[in-house]
Amino acid sequence: MDWVAKGIAKRFDDIEAVSDLKFSLKKGSVIALLGRNGAGKSTTIRILASLIKADTGSFTFEGVDLLKETRRLRSLMGYVSQELALDKALTATEFMKFQAGIYHLKWKTVADQAIELLRAVNLFDDKDRRVQGYSGGMKRRLDLAAAMLNKPKLLILDEPTTGLDVEGREQIWQLIHQYRADGGSVILASHDFREVEELANEVLIMNKGVTAVQGPLENLQRDLGDYVVKAKLDDSSTNDHHQQIQSVLTDLDGLNRVMEIEDGTHFTLRSSASLHQTQDMVASAFDRKELKLMSMSMQIPILEDVYRFAVGGSL
């Protein structure tokens, strides 16, 4: 059974934070929300976690609109916020017991499960230490373990690896992979392209409250083109880089999209030729216009390219 969001919208005074958001999430899948600060990701996460109410829209599972049945939603999901909300005076075991009370679970029925979760997040040996002595990575892992205590069918994660080192981040990723393998679904908000590429099988990029692009990452990359090119002219070549580069691009076969960024002109091409052959073709086009390139790079599209062309810049 899919999790289906339709027509979700939220306005704060004159600001439309989220507009007509929709997506479908299958069992064992991860959808990642990407966007700049203020794009609407956090508002979307807070709506789906039942922390604030949407103005319009629905979020259904098994025929139930969970935005109207928030108690049902909270019984089905686990939520990890961007800001840690751990009582530092408690031990890990005490915090899990506290979390059980929030979920209205009797401790004696979930105590063994709580210990196993602490073991799974490599905190078993530290379960009786106070949280105030934990590292950032340990706190993140404890927060995730607590979110899984009620055996949720859905995890909602808001920047779950913020501030972690490489090892801590990969430990969190491993837990999410295992959760997916066990059939859990995940809604992930992140600024980390690498994290999204690692975890998500669908991407939703938001810009100023609306969905800029959405779909499986491989489809979004394919739609962008075969190659992404970044070109920058030598300062002595011309006084109007944009106009001169545009004059070159109009003569290029397979041109798909063009975008101006401070570090140069980015454009995408559809080409059946190899990367090196295509690179030679582009360089020759500049030579014919007697324009000297200061730099040019070409690569197969990655998530960062999809994002840049969707919203017109970087995170």
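Author: Let's begin with pairing: two strands count as a pair if DSSP finds at least two bridges between them. Met77, for one, stands opposite Leu154 in S7. Keep in mind that this is a predicted model.

Reader: How do you know that strand S6 pairs with S7?

Author: Two bridges would be enough, and 4 bridges join S6 (residues 77-80) to S7, with the strands running parallel. S7 also pairs with strand S8 (residues 185-189) over 5 bridges, again in the parallel sense. Leu155 has Val186 as its bridge partner there, and Val186 is the bridge partner of Val30 too. Strand S3 (residues 30-34) is joined to S8 by 4 bridges in the parallel sense.

Reader: What makes S6 and strand S10 edge strands?

Author: Look at the order of the open sheet, S6-S7-S8-S3-S9-S10, with mixed pairing. S6 and S10 (210-215) each have a single partner strand, so one side of each has no neighbour in the sheet. From one strand to the next, the twist averages 15 degrees.

Reader: Which strands form the other sheet, and what is their order?

Author: That one is open as well, with 4 antiparallel strands in the order S2-S1-S4-S5. Strand S2 (15-25) and strand S5 (64-65) each have a single partner, so they stand at the edges. Strand S4 (residues 56-61) and S5 are joined by 2 bridges, and the definition asks for at least two, so they pair. Phe61 is opposite Val64 there.

Reader: Why is strand S7 called mostly covered?

Author: Buried means under 20% relative accessible area, and 5 of the 5 residues in S7 (residues 154-158) are buried. In a regular strand the side chains alternate between the two faces of the sheet. Here Leu154, Ile156 and Asp158 are buried on one side, and Leu155 and Leu157 on the other.

Reader: Which elements make the β-α-β unit, and what is its hand?

Author: S7, helix H6 (residues 166-181) and S8 make the unit, and it is right-handed.

Reader: How do you know that helix H8 and helix H11 are in contact?

Author: Contact means heavy atoms within 4.5 Å. Leu217, Leu220, Gln221 and Leu224 of H8 meet Leu303, Asp305, Val306 and Phe309 of H11. These residues divide into 6 nonpolar, 1 polar and 1 charged. The axes of H8 (residues 217-224) and H11 (residues 303-311) are 9 Å apart, at an angle of about 65 degrees, and the crossing is left-handed. H8 also lies across strand S9 (202-207) and S10, at about 100 degrees to S10.

Reader: And what makes H11 mostly covered?

Author: The same cut-off of under 20% decides what is buried, and 7 of the 9 residues in H11 are buried. Among them are Tyr307, Arg308 and Val311. Just after H11 comes Gly312, with a positive phi of about 85 degrees.

Technical notes. Residues numbered from 1 in each chain as written. Predicted model: local features only at pLDDT ≥ 70, side-chain atom pairs only at ≥ 80, totals over all residues. Heavy atoms only, no water. Axes fitted to C-alpha atoms, helices over the stretch in contact; angles between N-to-C directions. Left-handed = near helix turned anticlockwise from the far one by under 90°. Nonpolar A, V, L, I, M, F, W, Y, C, P; charged D, E, K, R; others polar. Buried < 20%, exposed > 50% of the residue type's maximum accessible area, 1.4 Å probe, protein only. Right-handed = clockwise from strand over helix to strand, strands pointing away.
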